[in-house]
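Hi there,

Here is the structure I promised to pass on to you. Have a look at it first, and then read on for what I found.

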Amino acid sequence: MKDVIYYHWHLGSSKNDDNFFEDFKVSTLPKDFSKIISESLAETDSNYEHFHCPAFREWNKNTWIIRQPFDMSFIFDKTNGTISHYPIGESQKNYFLIHNSYKKVDHPEIQFKYFFLFWTTMKNIWVDIYPHPEASRIGLDLIPGTFPISDWIRPISFAFKLRDSNLQINVKKDQPLYYIKFIDKSKSKNKIILEESEKVPKDILYRYYKESNIKIYSPTNSWKIIKDRIFSNKCPFKP
């Protein structure tokens, strides 16, 4: 048997922008433009010895790579907190979300406005977000995280610490950015399948809208609600 996790992605706005929820109603780019997501094990060269290692293959189960959808270069100017160089177009400034902490920390926190939304009817499914070494090699250190997609609807974006400010960072199309791994904590033996959806269903979008408001109006309570839902075993798709 197979268990299905659906996903939808888009580029551009963040949840603080008026058109954020509108953007989730349609994908940004055609499917044949870029290889945005791929199974991790399928992308591993079978000539490597570790490809045949049972421990490595077990880790790669239900694991995918998220990739950069287009060529891009940028420089972050830490003196004023701006992306100051766009070799391929000023319009791409809308692709970045810069956190104000850059004024107080050694490595600025930045996000690409490149969002994935995952949902499923399965219970107790978690997503883990892991660094990919190829992103680290170009100076982008992923900020990892985990949460249950069965009980909480929120998008995933590429949030990272910039290792070196004032240096040009070149991100190539199809460049691996990070891993996502889905964990079935109900211990099902079924294989997980990812299936892209052209649109986000209205009930999922509505749930996301309400749950994102919790982050805005009561940001410290979201994780408590998640834990309460997990332990109550209440189906989040029911009112």
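Let's begin with S197, whose side chain reaches the backbone oxygen of K199 at 2.4 Å. Keep in mind as you read that this is a predicted model. You can find S197 in the loop between β14 (191-196) and α4. Is S197 buried or exposed? Its relative accessibility is 16%, and because the cut-off for buried is under 20%, S197 counts as buried.

S212 sits in helix α4, which covers residues 202-217. With a relative accessible area of 6%, S212 is buried. Its side chain also has a backbone oxygen to reach, that of Y209, at 2.8 Å.

Now take a step back to the whole chain. The protein chain has five helices and 14 strands. Of its 239 residues, 45% are buried. If you take the contacts with a separation of 6 or more, 72% of them are between residues 24 or more positions apart.

β1 pairs with β14 in the parallel sense, over six bridges, and here K2 stands opposite K191 in β14. β1 is also joined to β7 by six bridges, but those two strands run antiparallel.

Which strands form it, and in what order? Five strands make it up, in the order β2-β3-β13-β8-β10, with antiparallel pairing. β2 (37-39) and β10 (145-148) stand at the edges; each has a single partner strand, so one side of each is left without a neighbour in the sheet. On average, neighbouring strands of this sheet are turned by 25° against each other, direction ignored.

Strand β8 (residues 125-131) is joined to β10 by four bridges, and the two run antiparallel. Within this pairing, V127 has F147 of β10 as its bridge partner. Helix α5 (residues 222-232) lies across β8 and β10, and runs at about 45° to β10.

Finally, look inside. In soluble globular proteins, nonpolar side chains tend to be buried together. Here the largest nonpolar core has 46 residues, and the members that touch the most others are F74, F112, Y114, F118, Y178, I180 and F182. Strand β7 (residues 109-119) gives this core its largest share, five residues. A second, separate core has seven residues, among them L117, W119, I153 and V200.

What does F182 touch once its neighbours within four places in sequence are left aside? Its contacts include I5, W64, F118 and I192, as well as N62. V127, the residue paired with F147, is also in contact with F182.

Enjoy exploring, and write back with any questions!

Best wishes

Note on methods:
Residues are numbered from 1 along each chain as its sequence is written. This is a predicted model: local features need pLDDT of at least 70, side-chain atom pairs count only at pLDDT 80 or more; totals for chains, interfaces and linings use all residues. Side-chain values use heavy atoms; hydrogens and water are left out. Buried means under 20% relative accessible area, exposed over 50%, partly exposed in between (1.4 Å probe, protein chains only). Contact means heavy atoms within 4.5 Å. A polar contact is a pair of N or O atoms within 3.5 Å; within protein, one must be able to donate a hydrogen and the other to accept it, and residues adjacent in sequence count only if both atoms are side-chain atoms. Two strands pair if DSSP finds at least two bridges between them. Axes are lines fitted to C-alpha atoms, for helices over the stretch in contact, and angles run from 0 to 180 degrees between N-to-C directions. A nonpolar core is a set of buried Ala, Val, Leu, Ile, Met, Phe, Trp, Tyr and Cys residues joined through side-chain atoms within 4.5 Å.
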